[in-house]
Amino acid sequence: MNALKLYGIATVVFFAVDFIWLAKVARPFYRRHLDQFLAQEPILLAAGLFYLIYIAGIIVFAVLPGLEANSLAR
């Protein structure tokens, strides 16, 4: 499978899971325990760059080695 296609699939899955985590699970916890440290507005450029690099790392260090070894455990 093409690395760009894998990146696209991983991005969609990652954003879906992360949205659920941030919107439903983490927000109440963060507000309760870390409210004084949270920014009023998120820094979208920083978040976007983080996600691009993080997902690339998932592909390079986890997905591609597992596919090359034909192993879920790898």
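Which residues are buried in H2? In H2, the buried residues are Tyr51, Ile55, Ile59, Pro65 and Gly66, where buried means under 20% relative accessible area, exposed over 50% and partly exposed in between, with a 1.4 Å probe and protein chains only.

The model is predicted, so local features need pLDDT of at least 70 and side-chain atom pairs count only at pLDDT 80 or more, while totals for chains, interfaces and linings use all residues. Residues are numbered from 1 along each chain as its sequence is written, and side-chain values use heavy atoms, with hydrogens and water left out.

**Helices**

Helices are DSSP runs (H or I, at least four residues), numbered from the N terminus. The expected span of a helix is 1.5 Å times one less than its number of residues, and the bend at a residue is the angle between axes fitted to the seven residues ending there and the seven starting there.

| Helix | Residues | End-to-end C-alpha distance | Expected span |
|---|---|---|---|
| H2 | 26 residues | 36 Å | 38 Å |

H1 bends by about 60° at Ala26, with a proline, Pro28, following within four residues. Ala26 is also one of the buried residues of H1, which include Leu6, Ala10, Thr11 and Asp18. The kink in H2 is about 35° and is centred on Ile59, itself a buried residue.

**After H2**

Asn70 lies in the segment after H2. Its phi is positive, about 55°, although Asn70 is not a glycine. At 72% relative accessibility, Asn70 counts as exposed.

**Largest pocket**

A pocket is an open set of points on a 1 Å grid over the protein atoms alone, where a 1.4 Å probe fits, with protein on both sides within 12 Å along at least five of seven lines; lining residues have an atom within 4 Å of a point. The largest pocket holds about 690 Å³ of space, a volume being the space filled by probe spheres set on the points. Its lining has 17 residues, and Leu22, Arg27, Tyr30, Leu38 and Pro42 are the closest to its centre. Helix H1 (3-34) and helix H2 (44-69) each give two or more residues to the lining, and the largest share, nine residues, comes from H1.
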